[in-house]
Amino acid sequence: MTDKKVLVIYGSWLGSTREIAEAIAESMRAEGAQVDVLSGRAVKSVNDYDGVVIGSSVRASMLHGGMKRPVRRFSKQLAEKPVAAFVGCAVIYDKNEPDAAGKAQAYITRFMDKFPQIKLLDIKPFAGAFLVDNAHGFMKTMVQNVAAQTTAEGDPRDWDAIAAWAKDIYRQF
Ligand SMILES: Cc1cc2nc3c(=O)[nH]c(=O)nc-3n(C[C@H](O)[C@H](O)[C@H](O)COP(=O)(O)O)c2cc1C
């Protein structure tokens, strides 16, 4: 159970999903795991790891390259390992969306369907936050506008749910 090596690969525009990735790592470390948290080109290899978590936020239904690039690059090696996915997004707390969880999971499956050899243990949707202060200029206005259209009050990230999911996944690695 303990001392397994885990890689958390994340894609994040404004940092909210990077913080989720770090919370997953913290929770797994508390279980005895050795965890690296990396994005994009910083992922040089996945060979040393017993399990891999991949996760991204979403913009206009698209995942971030920080997750997509390493999955493309190491798809063959990932097919040989236990892999779990999460998505940090806004649709998950949209009260007008009857299948919020399904829609959130579909962001992942639409991309991962290109890699049927990678079997995902789980696809977990988490509520993501709009870290408006990390955006600048025109982008800040755009993020503020998108945030204003959602029903989230403040930061809706559920740190307990994130930690519990991480522990559960680590048990399966
Ligand atoms: C321009 C923009 C577009 C977005 N599009 C979507 C979307 O299509 N679906 C969704 O569920 N969330 C969407 N979101 C919400 C983000 O995925 C969410 O806030 C996420 O937590 C941001 O994570 P990050 O800080 O790691 O980039 C969008 C956010 C922005 C700013």
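Q: D94 lies in the loop between strand 5 and helix 4 (100-112). Is D94 buried, partly exposed or exposed?
A: Keep in mind that this is a predicted model. Around D94 there are 16 other C-beta atoms within 10 Å. Buried would take 20 or more, and exposed 12 or fewer. D94 falls in between, so it counts as partly exposed.

Q: How far apart in space are D94 and A127, C-alpha to C-alpha?
A: Along the sequence, D94 and A127 are 33 residues apart. In space, C-alpha to C-alpha, the separation comes to 9.9 Å.

Q: How are helix 1 and helix 6 oriented to each other: roughly parallel, roughly perpendicular or oblique?
A: Helix 1 covers residues 16-29 and helix 6 covers residues 159-172, and the two pack with their axes 8 Å apart. The angle between them is about 55°. Roughly parallel needs an angle under 35 degrees and roughly perpendicular needs 65 to 115. That makes helix 1 and helix 6 oblique.

Q: Is the crossing of helix 1 and helix 6 left-handed or right-handed?
A: Let's start with who meets whom: I20, A23, I24, S27 and M28 in helix 1 meet W159, I162, A163, A166, K167 and Y170 in helix 6. By type, the residues of this contact divide into nine nonpolar, one polar and one charged. As for the crossing, helix 1 passes helix 6 in a way that is right-handed.

Q: Which residues are closest to the ligand?
A: The ligand is surrounded by 22 residues, which divide into 13 nonpolar, eight polar and one charged. Helix 1, strand 3 (51-59), strand 5 (83-89) and helix 5 (137-148) each supply at least two residues of that shell. The closest are S16, T17, S57, C89 and G128.

Q: What phi does A60 have?
A: A60 is in the loop between strand 3 and strand 4 (62-63). With 5 C-beta neighbours inside 10 Å, A60 counts as exposed. Most residues other than glycine have a negative phi. A60 is not a glycine, yet its phi is positive, at about 45°.

Q: And what about S61: what phi does S61 have?
A: S61 is found in the loop between strand 3 and strand 4. S61 has 11 C-beta neighbours inside 10 Å, so it counts as exposed. S61 isn't a glycine either, but has a positive phi of about 70°.

Q: Which residues does P156 touch, not counting those up to four places away in sequence?
A: P156 is in the loop between helix 5 and helix 6. With 17 other C-beta atoms within 10 Å, P156 is partly exposed. The C-alpha atoms of P156 and A129 are separated by 6.2 Å, although the two are 27 residues apart along the chain. Not counting residues up to four places away in sequence, P156 touches Y93, A127 and A129.

Key:
Residues numbered from 1 in each chain as written. Predicted model: local features only at pLDDT ≥ 70, side-chain atom pairs only at ≥ 80, totals over all residues. Axes fitted to C-alpha atoms, helices over the stretch in contact; angles between N-to-C directions. Helix = DSSP H or I, 4+ residues; strand = E, 2+ residues; numbered from the N terminus. Parallel < 35°, antiparallel > 145°, perpendicular 65-115°, else oblique. Left-handed = near helix turned anticlockwise from the far one by under 90°. Contact = placed C-beta atoms within 7 Å. Nonpolar A, V, L, I, M, F, W, Y, C, P; charged D, E, K, R; others polar. Near = placed C-beta within 6 Å.
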